[in-house]
Amino acid sequence: MPKAGDLFCKEIIWVRFPAAKTAYDDSLIIEILRERYGYKAVTFDRVDKNALADIIFSDPKEMDFITSLTSVFVTRAYRKFNKKCNDLKLRVCVVESATLLTSGFCNLCNFVLVKTTESDDINIERVIKRSKIYITEDKVKSRLSNQLSNEDMLKFKDTYEIKDSLLPDQITDFVYSLL
């Protein structure tokens with residue numbers, strides 16, 4: 001898959017959109033998280049994202065709480081991002097955002113591409129590599145089981161599957177076919 005910042009052509013750019021993560025730097029959010037979870041998720045003035053992940057991926061109600069808490073930041077960041085794309089006269093911005101569908105922000109997009117892999121083992125391996133701390137395969141499986149499956153994500157309106165094995169040119173051609 002393309003990397004963040006890859007420019008396919010002068011009209012299409014691929015970007016990471018970690019807006020929800022930026023919310024964890026906000027002092028009000030930090031205070032709310034400290035009040036709700038205590039020092040198991042917040043130490044000093046920093047959110048322990050791995051501890052928070054353990055909490056929210058083990059309880060769907062907590063996932064809903066975090067999604068609603070960070071939605072203002074996601075909306076604000078997306079609008080700034082969208083303005084920047086318009087200012088650059090980009091025809092298509094491919095946004096990589098893990099929370100786009102679950103937070104209800106897919107309605108801000110013309111269409112949504114869902115990247116799928118051939119097996120769960122590939123997803124598990126990626127999460128382990130991406131984690132900044134040691135994480136067990138069982139813990140990753142538990143987290144993944146509390147997220148939307150690819151099949152569920154593909155049920156959303158204007159949502160299309162992109163196989164992990166596709167090359168950037170193939171993705172570009174696919175995106176143009178949707179316009």
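Trainee: What share of the contacts in the protein with a separation of 6 or more comes from residues 24 or more positions apart?

Mentor: In this predicted model, such residues account for 63% of those contacts. The protein holds 8 helices and 7 strands, and 36% of its 179 residues count as buried.

Trainee: Why is T116 called buried?

Mentor: The relative accessible area of T116 is 3%. Buried means under 20%, and T116 is therefore buried. T116 belongs to strand β6, residues 112-116.

Trainee: Which residues does T116 touch, not counting those up to four places away in sequence?

Mentor: T116 touches N150, E161, I162, K163 and D164.

Trainee: What makes the approach of the side chains of T116 and E161 a polar contact?

Mentor: The distance is 2.7 Å. A polar contact requires a pair of N or O atoms within 3.5 Å, one able to donate a hydrogen and the other to accept it. The side chains of T116 and E161 make such a contact.

Trainee: At roughly what angle do the axes of helix α5 and helix α6 cross?

Mentor: The axes of α5 (residues 120-130) and α6 (residues 137-145) come within 10 Å and cross at roughly 110 degrees. Angles of 65 to 115 degrees count as roughly perpendicular, so α5 is roughly perpendicular to α6. The crossing is right-handed.

Trainee: Which residues of α5 and α6 meet?

Mentor: N123, I124, V127 and I128 in α5 meet E137, V140, K141 and L144 in α6. The residues of this contact divide into 5 nonpolar, 1 polar and 2 charged.

Methods. Residues are numbered from 1 along each chain as its sequence is written. This is a predicted model: local features need pLDDT of at least 70, side-chain atom pairs count only at pLDDT 80 or more; totals for chains, interfaces and linings use all residues. Side-chain values use heavy atoms; hydrogens and water are left out. Helices (H or I, at least four residues) and strands (E, at least two) are DSSP runs, numbered from the N terminus. Buried means under 20% relative accessible area, exposed over 50%, partly exposed in between (1.4 Å probe, protein chains only). Contact means heavy atoms within 4.5 Å. Axes are lines fitted to C-alpha atoms, for helices over the stretch in contact, and angles run from 0 to 180 degrees between N-to-C directions. Angles under 35 degrees count as roughly parallel, over 145 as roughly antiparallel, 65 to 115 as roughly perpendicular and the rest as oblique. A crossing is left-handed if the near helix is turned anticlockwise from the far one by less than a right angle, and right-handed if clockwise. Ala, Val, Leu, Ile, Met, Phe, Trp, Tyr, Cys and Pro count as nonpolar, Asp, Glu, Lys and Arg as charged, and the others, Gly among them, as polar.
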